[in-house]
Structure formats: structure tokens, C-alpha cells
Amino acid sequence: QDRDVHAHFRFLWDTYKVVLDVTKSDARLEDVYHETARRAFEFCRVNKRPQEFKRLCEILRRNYQDLFRRTGPLQHQVNPSSPETVAKALETHCRQLQIATELNLWKEAYFTATEVYELISKGKSKASLRSMYYDTLGQIFWKS
């Protein structure tokens, strides 16, 4: 039975990775990308999977950096400088920050907090997200 559970976890994890890979640069699927990332965060949190969470953070970090390196036709590509994209990325990163602290992954939380700061400085953000960011930043400093 443990083998079946492991196989199901593996299948679900691989599905999250494939969906993120397919939707990472298409502006029409940007909402799907962020929702998938949040569901993958919840999967890691609920099932206490810190290693998968770290890998997920690396995948998201690389995908976001790749948006700035895009060349070629921009018809349906995600524009990383648009306010909508920044807002969606900020919400996703804030959830990532919360999960990182819940899993006691303080190094990952620090990296994510740095990314959240960069996103906040790019434009307007909701007061609730800024409040959560500073609260979580306090937790990170307290643990360090």
C-alpha cells in the first residue's frame, strides 16, 4: 500500500511539474500557471514534503528569470514587466513565503522574501500582502 501511495504522490508531483513547464511563458495560461503553483505549494504543505517544495521553488525561480530572457515573437508571451503579471507573481510568491515558514525552510523563506521585496518595489501591492510580508520577515529574522 505504501508503494501505491508513493506512486500516486509521484504521479501528482510530475503532473504539477509538467503543467508548470507547459504554461510558464504563455500569457493566455498565466492564471493556470499561478494556480498550479499554489496547488503544488499546498501539496507540499499538507503532505510535509520539504524537498519537493525546495525543488518547486527552484523551478518557479528559474521560470521567472527565463521570462526576462525571452526573444522572438512576443504575441502570447508573458510580459514580466506588466502590472498584472507582477501582481500575480507577488501573490504566488507571498503564498510560497508562507509555506516556506510553515515547513521551517528558513533559507528558502529568506530567498523568497528577497524576491517578494523585488516584486513589491516594482509596483503597487495590496496592503494585506505587504503586511503579511513584513510579519513573515520578522519571523525569518527571529529564527536567524
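A salt bridge (a side-chain nitrogen of Lys or Arg within 4 Å of a carboxyl oxygen of Asp or Glu) joins the side chains of Lys 24 and Asp 21, with 3.0 Å from N to O. The model is a predicted one, in which local features need pLDDT of at least 70 and side-chain atom pairs count only at pLDDT 80 or more, while totals for chains, interfaces and linings use all residues. Residues are numbered from 1 along each chain as its sequence is written, and side-chain values use heavy atoms, with hydrogens and water left out.

With a 1.4 Å probe and protein chains only, a residue counts as buried under 20% relative accessible area, exposed over 50% and partly exposed in between. Lys 24 is partly exposed, at 21%, and Asp 21 is also partly exposed, at 45%. In total, the structure holds 16 salt bridges. Another of them pairs Asp 26 with Arg 28, whose closest N and O atoms are 3.0 Å apart. Here Asp 26 is buried, with a relative accessibility of 15%, whereas Arg 28 is exposed, at 58%.

A further salt bridge links Asp 31 and Lys 88, with 2.9 Å between the closest N and O atoms. Asp 31 lies in helix 2 and Lys 88 in helix 4 (residues 83-102), so this pair ties together parts that are 57 residues apart in sequence. Helices, for the reader's orientation, are DSSP runs of H or I with at least four residues, numbered from the N terminus. Lys 88 itself is partly exposed, with a relative accessible area of 23%. A network of salt bridges also connects Glu 35, Arg 38, Arg 39, Glu 91 and Lys 126.

Attention can now turn to the packing of the helices. Two packed helices are described by the angle between their axes and the distance between the axes. The axes are lines fitted to C-alpha atoms over the stretch in contact, and angles between N-to-C directions run from 0 to 180 degrees. Helix 2 (residues 30-46) packs against helix 3 (residues 50-68) at an angle of about 160°, the axes being 9 Å apart. Helix 2 is therefore roughly antiparallel to helix 3, a term for angles over 145 degrees. Their crossing is left-handed, meaning that the near helix is turned anticlockwise from the far one by less than a right angle.

The contact (heavy atoms within 4.5 Å) involves Tyr 33, Ala 37, Ala 40, Phe 41 and Cys 44 of helix 2, together with Glu 52, Phe 53, Leu 56, Leu 60 and Asn 63 of helix 3. These residues comprise eight nonpolar, one polar and one charged; Ala, Val, Leu, Ile, Met, Phe, Trp, Tyr, Cys and Pro count as nonpolar, Asp, Glu, Lys and Arg as charged, and the others, Gly among them, as polar. Asn 63, located in helix 3, is buried, with a relative accessible area of 6%. Leaving aside residues up to four places away in sequence, Asn 63 touches Leu 20, Lys 24 and Tyr 33.

Helix 3 also meets helix 4, their axes coming within 12 Å and crossing at roughly 160°. This makes helix 3 roughly antiparallel to helix 4, and the crossing is left-handed. Phe 53, Cys 57, Leu 60, Arg 61 and Tyr 64 of helix 3 make the contact with Ala 89, Gln 96, Ile 99 and Ala 100 of helix 4. By residue class, this contact divides into seven nonpolar, one polar and one charged.

Key: Helix = DSSP H or I, 4+ residues; strand = E, 2+ residues; numbered from the N terminus. Parallel < 35°, antiparallel > 145°, perpendicular 65-115°, else oblique.
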